[in-house]
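Hello,

Here is the structure I promised to pass on to you.

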Amino acid sequence: VQLQASGGGLVQPGGSLTLSCAASRSIFSFNVMGWYRQVPGKQRELVASIRIGDSTFYADSVKARFTMSRDNAKNAVNLQMINLKPEDAAVYLCYARARTEIYWGQGTLVTVSS
């Protein structure tokens, strides 16, 4: 299984980005897909996820600003991020879990700076 993450970049505070995680097989073969973020020197943080049945999870720090969605035609999940803050800057890693197997994408860098 391959996960291709894209959509990162440089954005000013208050700006928006949409990350995409495209899978090499049907996203419905996974129980859950989502995003972690990693900042050097800090623990990896679960940001958001979406499960079969479309229930979602969001970290408290991103609630009301980040939204997970599916793109069935592209076998992808998207993370729409608005009102970005400097503390959102990180490498964002997409993941997918199927039963006991966990798969990781390569990560995409989000930089929030004026």
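Below is what turned up, grouped by topic. Please keep in mind that this is a predicted model.

I'll start with the core. The largest nonpolar core holds 31 residues, and M33, W35, F66, L79, M81 and Y92 have the most contacts inside it. Elements giving two or more residues to this core include β1, β3, β4 and β8, while β9 supplies the largest share, with 5 residues. Leaving aside residues up to four places away in sequence, Y92 touches, among others, L19, W35, R37, F66 and L79.

Next come the charges. The whole structure has 5 salt bridges, and R37, E45, R65 and D88 are linked in a network of them. R37 pairs with E45 at 2.8 Å between the closest N and O atoms, and with D88 at 3.0 Å. R37 is buried because its relative accessible area, 6%, is under 20%. D88 is also buried, at 0%, whereas E45 is partly exposed at 29%.

Another salt bridge joins D60 and K63, with the closest N and O atoms 3.1 Å apart. Here D60 is exposed, at 64% relative accessibility, and K63 is partly exposed, at 46%.

Happy exploring!

How values were computed: Residues numbered from 1 in each chain as written. Predicted model: local features only at pLDDT ≥ 70, side-chain atom pairs only at ≥ 80, totals over all residues. Heavy atoms only, no water. Core = buried A, V, L, I, M, F, W, Y, C linked by side-chain atoms within 4.5 Å. Buried < 20%, exposed > 50% of the residue type's maximum accessible area, 1.4 Å probe, protein only. Helix = DSSP H or I, 4+ residues; strand = E, 2+ residues; numbered from the N terminus. Contact = heavy atoms within 4.5 Å. Salt bridge = Lys/Arg side-chain N within 4 Å of Asp/Glu carboxyl O.
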